[in-house]
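Here are my notes on the model, as numbered points. Please read them with the structure open.

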Amino acid sequence: MAIVIQIPTPLRQHTEGKDTVEARGATVQEVLDDLGRQYPGITQRLFDGPNLRRFVNVYLNEEDIRYLDNLQTAVKDGDTISIIPAVAGG
Amino acid sequence: MTSSAVRGLKCRLCGKSYPVQALNFCTEDFGPLEVDYDYDAIRALISREQLASRPKTMWKYRELLPLDGEPTVGLQVGGTPLVPAPRLARELGVRSVWIKNDAVNFPTLSFKDRVVSVALSKAREFGFRTVGCASTGNLANSVAANAAAAGLAAYILVPADLERAKILGTSVYGARLVGVRGTYDQVNRLCTQIAFKYGWGFVNINLRPFYAEGSKTMGYEIAEQLGWRLPQHVVCPMAGGSLIGKIAKAFQELTLLELVEATPWKIHGAQAAGCSPIVTAIKNGWETHRPVKKPNTIAKSLAIGDPADGYFAAKVIRDSGGWGEEATDGEIAEAMTLLARTTGIFAETAGGVTLAAAIKLIEQGRIGRADEVVLCITGNGLKTQDAIAHLLEAPAIINPSLEEFDPLVGDDAVLVRQAAEELQAAGV
């Protein structure tokens, strides 16, 4: 399944400057793994071992994946995943 | 000039250094960036005597704030009263209570004027002409007012269901106000995307490292107003969790700079029961908070379900030996009226949260009966009047005649006589 991933500005140096890229997988985890295969350098910035880093938020369409099934959340064709820095607000 | 004391920005997780710029997170691990100071340089620049001679605004501590030049926005901000509250102390059964009263901060009656004046002064140094924020209300008011004074365009995004006073108190300044259908956290996420796309200066996004430093001045003022010493306890409301960390940082800096003695202090955090991710983390011994999807509380200014500084707030509380408590809507409203009746200070709902939490901390013995406590009041009750309307007696309505007035006093006189009779019967 092809999922669109929105890349925040500071990560675009690792995606050849692209603001959106496509990746494949049946879960958020698989899609982010595929993203990392296509663009080495992304994975270590998003993940600390098996877990997402503390200050990285991932959204499936408009929903924070922590309110879904986290990285195991199922995705379908046409979904959009957004990677958004968490250090904001307050 | 203060540029000499700022070394740059530094990631709070990995320590990577960055030059001063409008950036709030580390590009290696997304950790928050914080201003890095040369404290040896600052030590040579300030003393108690020198600080005492300066005008009573937050800018007296300018060497500890991250501007290159003189401030250009919010020159009158800060210097709010630290009010002794002996009647409240008796009511609570503790030795001493002080109210740090940012309900009368200038110009928009909340502590947010402190952070905004730093953020917008910095925005001007960076050359931004359009600024913005995601807000639960008080920040919206402050950005709108200070941007208007500075001639900056402002885009302000808030949850669409905010209190009317906070909506009108933003629009009046000519800011472009957008109400978003959703929670604050959803507003915040949208603002992060807007900041990336439009490149504006969002005070609590890309300007956040500078913005957050403004909160330290509340801590400096508390220490100076106590006669250059640190209080045993501080109770502070928590929304995004930044303020509590910055008050603690202020105490640590003053100690490092030897402006105060290194006496022990504890900092405690207060949240509403309908949105208490940080307090819940503390009570459960979790390293960090779990986000609350749908906050539900009358303390809308604190309704942040996924606090950006949740991890650091929980840590600073634990490290100080403090604790966290929460307050229900009923407890919040009761505490607002208790504060008003015993101190003459009308705080917004967040102030009710703070006092209600303090009451619980005292009952639990976490704040000792012989101790001294400072309550941080961060916003003004005039903005959240609906919260207490149901607790207050409606005024008697009469015609302009003495005959109609007399019976009102008459009722009271009966009560006084009955009380006297009861005392006599009891043999007092």
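1. Start with a strand pair in chain B. Strand β1 (residues 6-11) of chain B runs antiparallel to β3(B), and five bridges join the two.

2. Three strands of chain B form an open sheet in the order β2-β1-β3, and the pairing is antiparallel. Its edges are β2 (17-18) and β3 (33-37) of chain B, each of which pairs on one side only.

3. A word on confidence. This is a predicted model. Chain B has a mean pLDDT of 96, and 99% of its residues reach 70 or more. For the complex, the predictor gives an ipTM of 0.95 and a pTM of 0.95.

4. Next, a glycine in a loop. B:Gly322 sits between α12 (310-320) and β12 (324-327) of chain B. Is B:Gly322 buried or exposed? B:Gly322 counts as buried because 23 other C-beta atoms lie within 10 Å, and the cut-off for burial is 20 or more.

5. What does B:Gly322 touch, leaving aside its neighbours within four places in sequence? The contacts of B:Gly322 are then B:Lys266, B:Ile267, B:His268 and B:Ile317.

6. One distance to check in your viewer. B:Gly322 and B:Ile367 are 45 residues apart along the chain. Their C-alpha atoms are separated by 9.0 Å.

Terms used. Residues numbered from 1 in each chain as written. Chains lettered and ligands numbered in written order. Predicted model: local features only at pLDDT ≥ 70, side-chain atom pairs only at ≥ 80, totals over all residues. Helix = DSSP H or I, 4+ residues; strand = E, 2+ residues; numbered from the N terminus. Buried ≥ 20, exposed ≤ 12 C-beta atoms within 10 Å, placed from the backbone. Contact = placed C-beta atoms within 7 Å. pLDDT = per-residue confidence, 0-100. Pairing = 2+ DSSP bridges.
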